[in-house]
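Please look through the following sequence and structure.

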Amino acid sequence: MILDERVVALISPDSAPAKRTVGEAKDNGRIIDCTSGRRTKSIIITDSDHVILSALATDVVAQRLNGAENDDNGGIRDE
C-alpha cells in the first residue's frame, strides 16, 4: 500500500528519462519492485525519492490514487 500524499509523480516506463530514473534508483538502493516478476507498466516516485515499479497500468494507478480520498486506509493496494 502507498499513501497517496507521498506520491510525487506517476509516469510511464517507456521514456528514456523514466528508464534513467529507474537506473539511478537501482544504483542508489531507492527502488521498490512491486511487479512480482511481471512487466513494469507504471513508475511511482515518492517524496522520499523512492522509485516504485508497478505491474498496474498508469491509468489504473491514477484512478486508484484519485479514489484514495474515499478509501479508509488513505492509500492504494497493489493486487
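How many bridges join S2 to S4, and do these strands run parallel or antiparallel? The strands S2 and S4 are joined by 4 bridges and run antiparallel, where two strands count as paired if DSSP finds at least two bridges between them.

## Basis of the model

This is a predicted model, in which local features need pLDDT of at least 70 and side-chain atom pairs count only at pLDDT 80 or more, while totals for chains, interfaces and linings use all residues. Residues are numbered from 1 along each chain as its sequence is written, and side-chain values use heavy atoms, with hydrogens and water left out.

## Overall composition

The protein chain contains 2 helices and 6 strands, which follow one another from the N terminus as β-β-α-β-β-β-α-β; helices (H or I, at least four residues) and strands (E, at least two) are DSSP runs, numbered from the N terminus. Of its 79 residues, 30% count as buried, with buried meaning under 20% relative accessible area, exposed over 50%, and partly exposed in between (1.4 Å probe, protein chains only).

The accessible surface of the protein chain comes to about 5000 Å², and 46% of this belongs to carbon and sulfur atoms; such areas come from the Shrake-Rupley method with a 1.4 Å probe, and for residues only the protein chains shown count as cover. Among contacts (heavy atoms within 4.5 Å) between residues at least 6 apart in sequence, 48% join residues at least 24 apart.

## The sheet

Four strands form an open sheet in the order S2-S4-S5-S3, with mixed pairing. S2 and S3 stand at the edges with a single partner strand each, so one side of each is left without a neighbour in the sheet. Neighbouring strands of this sheet are turned by 20 degrees against each other on average, direction ignored; the axes are lines fitted to C-alpha atoms, for helices over the stretch in contact, and angles run from 0 to 180 degrees between N-to-C directions.

S4 and S5 pair in the antiparallel sense over 4 bridges, with Ile44 opposite Ile52 in S5, and in their hairpin, which has 4 residues between the strands, Asp49 takes a positive phi near 65 degrees. S3 and S5, by contrast, run parallel and are joined by 4 bridges, Ile31 having Val51 in S5 as its bridge partner.

## The helices

Helix H1 (residues 16-28) has 13 residues, which at 1.5 Å a residue should span 18 Å, and its end C-alpha atoms are 18 Å apart, which agrees; the expected span is 1.5 Å times one less than the number of residues. In H1, Ala18, Val22 and Ala25 are buried. Seen down the axis of H1, these buried residues fall within an arc of 65 degrees, so they line one face of the helix, the arc being that of the directions from the helix axis to the C-beta atoms. The face of H1 turned away from its buried side carries the exposed residues Ala16, Lys19, Asp27 and Asn28, and just after H1, Gly29 takes a positive phi of about 70 degrees.

The buried residues of H1 pack against S2 (7-11), S3 (31-34), S4 (42-46) and S5 (51-54). H1 lies across these strands, running at about 115 degrees to S5. Helix H2 (residues 58-67) also packs on the sheet, touching S2, S4 and S5, and its direction makes about 150 degrees with that of S2.
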